Amino acid sequence: MTVAPERLQSAFPSGRVGVSADSIPYVLVPAEQILDTIQRCRDDLGYSRWIDLTAVDDLEAEPRFELQYLLYSMTEHRWLRIKTQTDERVASVTEVFAGANWYEREVYDLFGVEFDGHPNMTRIMMPDDWQGHPLRRDYPIGGEPVDFTVTRDMHTETENQDMRIEYTNTRNSREQRG
Amino acid sequence: MAIESQRKGDTLHINMGPSHPSTHGVLRLELDLDGEVVVACKPVIGYLHTGIEKTFEVKTYLHGLTLTDRMDYLNPMGNNLAYCLSIEKLFECEVPERATVGRVLLAELTRINSHLVFTGTAGFDLGASSVFLYCLREREKLLDLFEWLTGQRMMTSFIRPGGLASDFEPDWLKAVGEFLDEMPRHIDEYESLLTGNPLFKERMIGIGVLDADDAIRIGVSGPALRATGVAHDLRKTNPYIGYETYDFDAIIGENGDCYDRYKVRVAELREAVKISKQALARLPGGSVRTTNRKVMPPPREELGRSMEALIHHFKLFTEGIRPPAGEAYVPVESPRGELGFYIVSDGSGKPVRVHERAPTFANIQALPLMAEGGLVADLIAVIASMDPVLGEVDR
């Protein structure tokens, strides 16, 4: 038994249906329909098991973040991927799948996408006072500012205040990766 | 246990961890205690976060492989395997039979490695320290075998996209056979110390019960899910690398308590020995490296004769492998559950996104459900029975 792309298309007429390289079917729905879509996948299509949620950042795309929800059907033994695109916020699906809780916090922490209606929308990986969202593609890599300075001669540092090691941001952009 | 001695009404708010010995890594639990009873349990993670998923974006695919070992450090080969399967899916690359059977052997040996650590530490956490020593004695032999094969005891990076890093030596295979022959006797030994032990049963039976429906909603996988009575093993339901051709059972429990989780893992130890023996017996001859030159370099001797081989060699060593644009997620059944790498490629030599679906990340979300209402001493048994590896939670 399989969920044919046609069946997915008729279940979600406003979605775009396709199959990825790993033969897992996906449906791309508008961001405002995500909660309804996940709910119907669980209740009508039988995808009762929570697997995964993550995001992909594409600086050139509009909107830039693509969220990837992955569900599993315990009766048909198949995965289903639900995609949506957003710039900043979508509805939380924690009331449908309790397992989404930490996954949404992780996406919020590392990408800065907020989930409306999440019971505890706080950072999960990074320290609470961290600035920025590390998995964004324009997040600087290559160094981290430190609280101390290094001078050529540690004992005469008063004259050498300007000898700080320069911290330059490396932009992890698409051009640079070549 | 660091006591903050901060009272909220009649309950005591304390921190357990982040480096409490029985939390199996740097897991912190914020507990509200009413006497000995856990009223609320809130796991706090992130202490081992090292930005591995970010690091992937600036590494070539082969460099990235070495990061996968470091996520679930008790299951390095399984992580290598999941990562390679996703990449191979993007390439549609054929892997020689010897490499595929070899992968089954290595994946099951690492499962034995991981479950030995579980059995030892589960006993140790409950005060049975001798079984810990016995389990680590056998694990030591296994690590010696890994070192012999790969040069590394833990961070093996041996399963590569397109096959294996190198072929098996006949002597190594013989040593593995001897190890597997003596393993069932050792498993009997552990079981004689734990399974029937009244003190151990007292601490495990009926403790930390997880309901099957909750487990499915939360995404709990692996032995923790099977202990609730759900017969879900990816090696059976969605077979990969030929698991459908091996004779083994998916072990399930009944009650979803700590004792069932323990029993499922010990029975899986026996099944893993069984599968490894079958893989060892059927290991065919031939190469362990694919002939797809876009994935693995051509043999050295071809370089002098073939211009094409030289180009492939040059491209692979300057740019790395370049999977076609697309996305792939090919999960495997790790000792802890469903483990998969979601890889997005844009056709260049470095991935756009690599995300690990880590089984422990979902599994320890269920910790409050199992711990709340129980005794604080039972919490130790609950954590031990979930077998968490914080390296793959925090990544």
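Analyst: Two strands pair if DSSP finds at least two bridges between them. Helices (H or I, at least four residues) and strands (E, at least two) are DSSP runs, numbered from the N terminus. The model is a predicted one, in which local features need pLDDT of at least 70 and side-chain atom pairs count only at pLDDT 80 or more, while totals for chains, interfaces and linings use all residues. Residues are numbered from 1 along each chain as its sequence is written, with chains lettered from A and ligands numbered from 1 in the order in which they are written.

User: In which sense do β2 and β5 of chain A pair?

Analyst: Strands of a sheet pair through backbone hydrogen bonds, either parallel or antiparallel. Here, β2(A), residues 25–28, and β5(A), residues 78–86, are parallel and share three bridges. Within β5(A), A:Lys83 is the bridge partner of A:Leu28, and A:Ile82 stands opposite A:Val27.

User: Which strands pair in the antiparallel sense, and over how many bridges?

Analyst: β4(A), residues 65–73, is antiparallel to β5(A) over nine bridges; A:Gln85 of β5(A) stands opposite A:Glu66. The hairpin of these two strands has four residues between them, and A:His77 there takes a positive phi near 55 degrees. β1(A) and β2(A) also run antiparallel, joined by four bridges. A:Val17 faces A:Val27 of β2(A) in that pairing. Five residues lie between β1(A) and β2(A) in their hairpin, where A:Ser23 in the turn has a positive phi of about 60 degrees.

User: What is the order of the strands in the sheet, and which are the edge strands?

Analyst: The order is β1-β2-β5-β4-β3 in chain A, an open sheet of five strands with mixed pairing. Its edge strands, β1 (16–19) and β3 of chain A, each pair on one side only. From one strand to the next, the twist averages 20 degrees. For such angles, axes are lines fitted to C-alpha atoms, for helices over the stretch in contact, and the values run from 0 to 180 degrees between N-to-C directions.

User: Which elements does α2 of chain A touch on the sheet, and which of its residues are buried?

Analyst: Two residues are in contact if their C-beta atoms, placed from the backbone, lie within 7 Å. α2(A) packs on the sheet and touches β4 and β5 of chain A, its direction making about 175 degrees with that of β5(A). A residue is buried if 20 or more other C-beta atoms lie within 10 Å of its own, exposed if 12 or fewer, and partly exposed in between. In α2(A), residues 34–43, the buried residues are A:Ile34, A:Thr37, A:Ile38 and A:Cys41. They lie on the same side of α2(A), because they cover an arc of only 95 degrees around the axis; the arc is that of the directions from the helix axis to the C-beta atoms. An α-helix has 3.6 residues a turn, so residues three or four places apart point the same way. The cover over the buried residues of α2(A) includes β4, β5 and β6 (89–91) of chain A.

User: Where does α3 of chain A lie?

Analyst: α3(A) lies across β3 and β4 of chain A and runs at about 10 degrees to β3(A).

User: How many residues bring chain A into contact with chain B, and which elements supply them?

Analyst: The contact involves 29 residues of chain A and 35 residues of chain B. On the side of chain A, β3 (49–57), β4 and α3 (100–111) each supply at least two residues, and β3(A) gives the largest share, six residues. By class, that side has 16 nonpolar, nine polar and four charged residues. Ala, Val, Leu, Ile, Met, Phe, Trp, Tyr, Cys and Pro count as nonpolar, Asp, Glu, Lys and Arg as charged, and the others, Gly among them, as polar.

User: Is B:Ala381 buried or exposed, and what does it touch?

Analyst: B:Ala381 is buried, having 27 other C-beta atoms within 10 Å. This residue is found in α16(B), residues 376–386. Not counting residues up to four places away in sequence, B:Ala381 touches several residues, including B:Asp125, B:Arg203 and B:Cys258. B:Ala122 is 259 residues from B:Ala381 in sequence, yet 7.2 Å from it in space, C-alpha to C-alpha.
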